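Please look over the sequence and the 3D structure shown here before reading on. The briefing that follows is grouped by topic.

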Amino acid sequence: MSQVMGVQPVLQRSYRMMLMPAVLAVLIFAVLPLLGMFVLAFTSFDLVKGWDTGFTLKNFVKLTDDKRFIASIWVMLSLSVFGVIAQVAAGTAIAVGLEKIIPRWRFLRGIFVVPFVVPHVAVALVWLSLFTPTLSPINAFFDLFGITVPALLTTRWGAISAIVIADTWASFPFVMLLILAALQGISSDLDEAASIDGASKIQVFWRITLPLLKPALLMVALFRFIETIKHFPLIYVMTNGGPGRATQATNYYAFIQTFQNSKVSYGASIAVFLFIFAAAISFWVARMNARISDA
Amino acid sequence: MRKPKGKHDFSWKQAAGVTMMLALLFFALLPIIWSFILALRPENRLFEPIWESPTALTLGNIRNLAGTGFPHALFNSFVTATVSTILAVIIGVPGGFALAKGRSSRKFVASWALLLLRMAPPVGFVIPLFILYLNVGLLDTWVGLIGAYMVLTLPLVVWSSWTSLSQIPDELIEAALLDGATMAQALRRVVIPAARPGLVATAVLAFLLTWNDFFFALVITRSDTVTAPVAIMNFVSYASVDWGSIAIASILLTLPTVPVIVFANKYIVQSMGGAVKG
C-alpha cells in the first residue's frame, strides 16, 4: 500500500502534464472563437462599413424589435418541437418493436442505423427529390389512383413538415440506439412478474416499461432538442429558408445576416442569443443528469 | 404463467406490431432505395415512374461524375477529416485520461465547459473564425478548415475518452507503474489496449462529425479545399438539378461511414450514451 502511495505524486504530476495540451487546445480552438463571438456582438462590425470597436448594446436592442428575428424563433421552436416528438416516437417504437414485440427481427437493427450516418446534405437532397412532385415516386404512385399529392415545399407548414420528416429520418436511429440500450438495462423480472399477475403485454408496456424509460426518454429528447436548434443543411438545401421566410429558423437567420447581409455583429448577437438558449438547456440536462445518477 | 399459446395462433396485437414495424422499415428504406434508383436512371427517363421502365438503368452517371471536381472534393474531405481526427485524438485522449484518473477539484468545471462547447451553435464559432481567417488569409486553406474542425472534434474526444477511460481500474495503472513501466509505456501497453473499443468509437465519432460537416466547410472553403458535402451543391443550379450526379455523389459520401457504424455501433452507443449520461 505504501508503495502505491509513493506512486501517486508522480502520477498526479504526469496527469497534469497530459491535461495541459488538451486544455490549451480547447482554449485556443473553441473558447477563443466563442469570446470572439461575444466581442463582435457587443461592438459593431459590418463587412462593408468596417469595425467600430466601441462597446455597444445596439445589436441586442435591435433584436428585440426585429420581426424577422421573433418570427425565426417561432420557426425554430416548431421545427424543434415537432421534430423531437416525431423522432422520439419513431425511435422508441422501433426500439420497443425490436426488443419486445418482434425480437426475431433484431437483425434489422443494423439497417435501421444506416440513416444516422448519412451526411445531412445527402439527407436533405434525397428528401428534396422525394418532395419534388415531378420527380418523386410517392407522387407517381398516388397518381396511379388519381390522387394528387400536394407539393409540400410550396406552403409554410408543408415546408416545415418536410424538414421535420427529413430530420426525423436522419435522427430516429440515435433515439433508437439509446432507447435500445436503456431497454436492455431494464430487468426482465419486472415484466415477468407483471405478466404472472395477469397483465397483458400492452399493460406491461404502458405501466412498467414506459415509466422506467422516462429518464432516458427525457434525456434523449433534450439532447435532440439542442441538436435541432442547430439545423442548417436541411434548411439550406431543401427550402433555403422559404417559401418566403417560412423556414428561416434563428440559426439560419444568423447565417443570412452575417454572410449574405454582411452584418457580422448583428449575426453574432443572434448567435449569442442561441448560445445562451442552448446553454440554459444544457444546464438543465446536466442537473437532471446529476439527479439521475444520484438515484 | 398464462396458458401457453400455440405457435400459429393469430393475434391482432401481434399483427398491429408487425404492420407498424413494416411501415417504419419502409420509411427507413425508401430514401436509400430511391437514391440508388436515381443514381442509375438515365437522364431522359428521370421523370418517368420507375415501374414504367424498370430496366432503363445506366452507369453513365458514374462516368459523368468522375469527370467533375467531385473526386477531388472527396479527397479533400478525406484529408481534413483524417487529420483533424488524428490531431484531436493525440491531444484530447491524454486530456481525457488525466480527467478520468487525476485528482482535481475542477472536474465539474471541465465537464460543464465541455458540455457547453458541444452544445454551442456552430454559427457562434464560425462568425469569429471567418473574420479571423479573412484577415490572416486562412480562408480556403486546409490549415484553416482543420483548425475549425478542432472546434467540433476536441470537446467530443476529451469528453468521450474521459467516459471510456474512467472505466479502467486505477489498480491496473498503478500495478504497471510499480512494475517499472514509465507512464508512456503504461499508457501504450495497458491503458489503451484495455480501453480500445471505447477509444475507437471516439475516433469514429470524431471522423463522422467532420466527414459529415457542411456548415464549417460552406463558410471556410471556396474552391481548392472544398469538401464533398459542399461540392455536391455544385450539381444544383437555378437552371437545372443534376439528380443522377447528386444521387451518386451522396452514395459515395455515405459509403465510407456505413461499414464503420454497422460494425462499431455497439461501442458507439456506449460512447454516445456516455455523452448523454455524462
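Helices and strands are DSSP runs numbered from the N terminus, where a helix needs at least four residues and a strand at least two. On that basis, chain B reads along the sequence as α-α-α-α-α-α-α-α-α-α-α-α. The model is predicted. Chain A and chain B touch each other, with 82 residues of chain A in contact with 79 residues of chain B.

**Chain A: elements and overall form**

- Chain A contains 12 helices and 2 strands.
- Along the sequence these follow the pattern α-β-β-α-α-α-α-α-α-α-α-α-α-α.
- The radius of gyration of chain A is 24 Å, whereas the globule rule gives 19 Å for 295 residues, so chain A is more spread out than a compact globule.
- The C-alpha trace of chain A spans about 85 × 75 × 30 Å along its principal axes.
- Of the 295 residues in chain A, 42% count as buried.
- Taking contacts in chain A between residues at least 6 apart in sequence, 71% join residues at least 24 apart.

**Where chain A touches chain B**

- The contact involves 82 residues of chain A and 79 residues of chain B.
- On the chain A side, helix α1 (residues 2–41) of chain A gives the largest share, with 21 residues.
- Sorted by class, the side of chain A that touches chain B has 65 nonpolar, 15 polar and 2 charged residues.

- Chain B has 12 helices and 0 strands.
- Of the 278 residues in chain B, 45% count as buried.
- Taking contacts in chain B between residues at least 6 apart in sequence, 79% join residues at least 24 apart.

**A kinked helix in chain B**

- Where in α8(B) does a kink lie? The kink is at B:Arg196, shortly before the proline B:Pro197, and amounts to about 75 degrees.

Terms used
Residues are numbered from 1 along each chain as its sequence is written. Chains are lettered from A and ligands numbered from 1 in the order in which they are written. This is a predicted model: local features need pLDDT of at least 70, side-chain atom pairs count only at pLDDT 80 or more; totals for chains, interfaces and linings use all residues. The bend at a residue is the angle between axes fitted to the seven residues ending there and the seven starting there. The radius of gyration is taken over C-alpha atoms; the globule rule is 2.2 Å times the number of residues to the power 0.38. A residue is buried if 20 or more other C-beta atoms lie within 10 Å of its own, exposed if 12 or fewer, and partly exposed in between; C-beta atoms are placed from the backbone. Two residues are in contact if their C-beta atoms, placed from the backbone, lie within 7 Å. Ala, Val, Leu, Ile, Met, Phe, Trp, Tyr, Cys and Pro count as nonpolar, Asp, Glu, Lys and Arg as charged, and the others, Gly among them, as polar.
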